[in-house]
Amino acid sequence: DMTVADVAQKPAKTLPDAQTVTSVRHWTDRLFSFRVSRPASLRFRSGEFVMIGLLGDNGKPLLRAYSIASPNWDEELEFYSIKVPDGPLTSKLQHIQPGDEIILRPKPVGTLVLDALLPGKRLWFLATGTGIAPFASLMRDPETYERYEQVIMMHTCRTADELAYGRELVENLRHDPLLGELYGEDFANRLLYYPTTTREESPLMGRITDNMTSGKVFQDLGLPPISPETDRAMICGSLAFNVDVKEVLEGFGLREGANSDPKEFVVEKAFVGDGI
Ligand code: FAD
Ligand code: A2P
């Protein structure tokens, strides 16, 4: 039987909206991913974000926006995170371990959802850094492949080690039993992956903006240039990246849409600030 002392020692669910960490993986000294239990009542659309965090030193919740990186059918929730050395949240969050609790407000929102785009043939995911997180969700959602013949994931980071999370995710998807059952061997041609680095030598290099305006990515993948008749896009990176990619897409004749007004592309900030 439990004594009063046992009860006092048992970790109580003291946090509001507490969820339990189930696994943590560190990818570099600046990047990690983790999985948490999913509130039974939480419904979300792949690509949306929620507020998560920890209790601050003042006893109040310290919350930040995080894209849900797992697809909406997953029984757990996955997140992919930066570690900002002096960041109020991530200087602590980077130390979480399985069994720890985090706060998760179950109110998903966001513009990077399939419903915010008009139907099309090809869907481009354009991301830098942790901006790949919403696409980690959308790439794992069969609905994405029901709506589009081809999905192209362009991800750019400064160095090759920063691409590892996305690279492993795409490789696992290519061996995914559910998607394999749906699309068979053709699936490799349904999900194209174009990872580039800008500050370290690697097989593919250059900024997403440059690789689109020069036509290199279309040549490398054997695709026609982007056109408003066939192509749709979602952008997620720093403010500077988002602004520049938006201009490139508008140059191809695509227009920015929203949940309430679907068009050819949508944009969301991967973080607020100048970057580090
Ligand atoms: P903060 O005080 O929040 O940030 C300090 C500085 O660090 C910022 O000014 C900025 O210059 C830099 N910074 C913050 N986040 C990043 C980042 N992700 N990449 C590069 N530089 C950054 N962060 C994630 O790691 N994963 C996500 O999935 C994610 N989704 C987001 C979705 C939305 C809609 C928004 C607005 C932000 C998202 N963020 C995400 C950023 C996140 O909300 C926090 O900023 C981040 O967790 C750092 O928190 P912090 O308290 O440690 O530092
Ligand atoms: P670059 O190394 O040429 O600046 P950051 O770490 O600064 O957020 O950048 C992440 C990645 O996004 C880097 O590869 C960086 O390339 C690229 N990037 C940064 N700003 C832009 C932009 N305005 N347009 C296109 N790519 C960008």
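Biologist: Two strands count as paired if DSSP finds at least two bridges between them. The model here is predicted, so local features need pLDDT of at least 70 and side-chain atom pairs pLDDT 80 or more, whereas totals for chains, interfaces and linings use all residues. Residues are numbered from 1 along each chain as its sequence is written, with chains lettered from A and ligands numbered from 1 in the order in which they are written.

Modeller: In what order do the strands of the open sheet run, and with what pairing?

Biologist: Strands of a sheet pair through backbone hydrogen bonds, either parallel or antiparallel. Here, 5 strands form an open sheet in the order E9-E8-E7-E10-E11, with parallel pairing; strands (E, at least two residues) and helices (H or I, at least four) are DSSP runs numbered from the N terminus. E9 (191–197) and E11 (265–269) are the edge strands, each pairing on one side only.

Modeller: Over how many bridges do E10 and E11 pair?

Biologist: E10 (residues 231–237) is joined to E11 over 5 bridges in the parallel sense. Ala 233 stands opposite Phe 265 in E11.

Modeller: Which strands does helix H10 lie across?

Biologist: Helix H10 (residues 239–251) lies across E7 (122–128), E10 and E11, at about 165° to E10. Helix H5 (residues 164–174) lies across E8 (150–157) and E9, at about 165° to E9. Axes are lines fitted to C-alpha atoms, for helices over the stretch in contact, with angles from 0 to 180 degrees between N-to-C directions; contact requires C-beta atoms, placed from the backbone, within 7 Å.

Modeller: How many residues of domain 1 are in contact with domain 2?

Biologist: In domain 1, 15 residues are in contact with 13 residues of domain 2. Strands E1 (18–28), E2 (31–37) and E5 (76–82) each give two or more residues to this side of domain 1, and E5 gives the largest share, 3 residues.

Terms used:
Two residues are in contact if their C-beta atoms, placed from the backbone, lie within 7 Å.
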